[in-house]
Amino acid sequence: MGVSRGGFSSRFGFIMAAAGSAVGLGNIWGFPTQTASNGGAAFVLVYLVLAFCLAYPAFMAELLIGRYGQANAVTSLQKMSHNLWQKRFAFMVGFGGIIAAALILSFYGILAGWMMSFAIDPVVRLFGFNDAAQWFVNQSLARNLIFTALFMLLTIFIIRRGVEDGIEKWSKRLMPMLIILLTVLIIYVMSLEGASEGLKAYLQPDLSRVFDADLLISALGQAFFSLSLGTSVMIIYGSYISKKENLVSLGAQVTLIDVSIAFLAGLLIIPAMYVAQAQGVAIFAEDGSLISGSNLVFTVLPSLFDGMGVMGLFVGFAFFVLMTIAALTSSISMLEGPVSYAVERHDMERTKATTYIGLGILVLSIIIVLNISFMLDLVAMISTQYGQPIIAMLCCVFVGWIWYRNSILAEIKQGNDDVENTLFWKIWPWYIKFVCPTAIAAVFIHSL
Ligand code: TRP
């Protein structure tokens with residue numbers, strides 16, 4: 001066992017770190033993209049409801065498991081187990097989450113690398129090297145390898161320093177920067193021609209689509225991905241929170257920040273697409289839907305920036321720096337999952353564990369880059385569409401069915417004395433036992 005575990009030094013530090021994990025490419029890229037391809041505001045509406053009604057309760061379960069166990073995901077889950085069978089089950093769930101985090105990092109690092117290289121392109125062009133700049137935005141093996149490695153090294157650099165000096169310090173620096181950049185970009189885009197039309201498309205719901213099964217599935221998947229559920233990450237972050245803190249409100253604040261930033265990102269991206277259209281860029285695919293996915297981020301938006309002249313260089317730079325920051329505060333949390341396990345269960349030194357595991361994941365990323373056409377989507381699908389929902393569901397089962405209600409109450413009461421009399425305690429235990437696992441299972445089975 002590690003001698004002294006790290007921990008977050010302040011409430012603000014935890015909120016920034018957990019929000020940093022939650023706010024990532026999923027918010028700024030995934031959410032607007034999903035909104036674009038699922039009928040605009042109808043998707044936003046469903047997402048908001050599901051994020052608070054299903055993802056938040058599941059998020060609370062993971063935070064509680066960690067704070068109770070004061071350890072990595074496997075050890076924490078095992079502390080709640082009462083017999084050998086349950087301990088084995090705990091190992092499967094906890095270790096499964098750790099593997100999911102590692103797999104997500106292996107493809108996330110590649111996407112984040114693209115964001116970094118797209119951020120460098122405008123800088124190179126500002127100095128007049130237009131031809132050289134092409135290298136940064138064109139797909140090539142060399143570029144993908146170099147930038148994936150660079151991004152992984154940044155992630156390793158932060159995690160090596162531990163919880164307070166690494167995760168907390170960097171999240172406290174990067175998250176405010178992210179919010180400022182996002183706000184400045186929104187204000188700028190809103191002042192351009194075409195933005196108001198985009199705003200309308202974003203905010204006027206087509207209510208007939210609200211109960212569309214595909215829309216529901218996409219929204220739930222997006223909400224779980226966004227709160228980093230089912231990956232052991234929120235368990236380990238929960239374990240670094242002081243027992244004096246009120247978990248119910250901390251969890252709610254992080255959820256609120258996560259949802260708000262996704263909403264703000266939509267306020268940037270969808271209007272930006274319509275501005276691009278006003279400048280003659282095609283924003284609708286052949287079937288009439290808004291262009292989404294990687295074409296949106298790497299084709300539509302760059303053509304918009306190109307049309308803005310010199311100003312576009314700055315806007316493009318700011319946008320891709322924003323993406324890189326969002327990705328980095330998430331990637332550090334993904335690496336922390338496996339690292340905390342190695343440190344606490346196998347007595348490894350933190351710096352060594354970080355370097356070995358980080359490089360191991362980089363090797364996996366390289367294998368994916370070498371087979372990018374089929375492996376990128378495959379690994380993303382296995383880890384996010386299968387791994388995350390299944391493990392998040394099993395965490396709910398653990399809390400609802402294996403952990404004793406009295407122990408849950410005792411844990412949640414710390415830092416929140418009269419939780420027993422709150423609406424939260426009246427609804428949540430029942431919710432986590434029946435509603436969350438059933439809803440997750442239903443959506444999961446439907447998506448097969
Ligand atoms: N929440 C992150 C985002 O929105 C992505 C993510 C998914 C994640 N699973 C995770 C981050 C696990 C950290 C750990 O981009």
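How far from a nitrogen atom of the ligand does a backbone N or O atom of Phe-225 lie? The legends below refer to a predicted model.

View 1. The distance asked about is 3.0 Å, between a backbone N or O atom of Phe-225 and a nitrogen atom of the ligand. Leu-25 also places a backbone N or O atom by the ligand, 3.1 Å from one of the ligand's oxygen atoms. For Gln-388, a polar atom of the side chain lies 3.2 Å from a nitrogen atom of the ligand. On its own the ligand has 360 Å² of accessible area, and the protein covers 100% of this.

**View 2. The shell of residues around the ligand.** The ligand is surrounded by 17 residues, and the closest are Gly-26, Tyr-108, Phe-225, Ser-226 and Ser-333. By type, the shell has seven nonpolar residues, ten polar residues and no charged residues.

**View 3. The cavity and the helices around the ligand.** The largest cavity is the space that the ligand takes up. Two or more residues of the shell come from each of these elements: helix H1 (11–22), helix H2 (25–37), helix H5 (84–126), helix H10 (213–226) and helix H14 (310–345).

**View 4. Asn-72 in a loop between two helices.** Asn-72 belongs to the loop that lies between helix H3 (41–69) and helix H4 (73–79). Is Asn-72 buried or exposed? Asn-72 counts as buried because its relative accessibility is 0%, and the cut-off for buried is under 20%. The side chain of Asn-72 makes a polar contact of 2.9 Å with the side chain of Thr-75.

Conventions:
Residues numbered from 1 in each chain as written. Predicted model: local features only at pLDDT ≥ 70, side-chain atom pairs only at ≥ 80, totals over all residues. Heavy atoms only, no water. Near = heavy atom within 4 Å. Polar contact = N/O pair within 3.5 Å; in protein donor to acceptor, adjacent residues only side chain to side chain. Areas by Shrake-Rupley, 256 points an atom, 1.4 Å probe, with all protein chains shown as cover. 1 Å grid on protein atoms, 1.4 Å probe; cavity = no way out; pocket = protein on both sides within 12 Å on 5 of 7 lines; lining within 4 Å. Sits in = over half its atoms within 2 Å of the grid points. Helix = DSSP H or I, 4+ residues; strand = E, 2+ residues; numbered from the N terminus. Nonpolar A, V, L, I, M, F, W, Y, C, P; charged D, E, K, R; others polar. Buried < 20%, exposed > 50% of the residue type's maximum accessible area, 1.4 Å probe, protein only.
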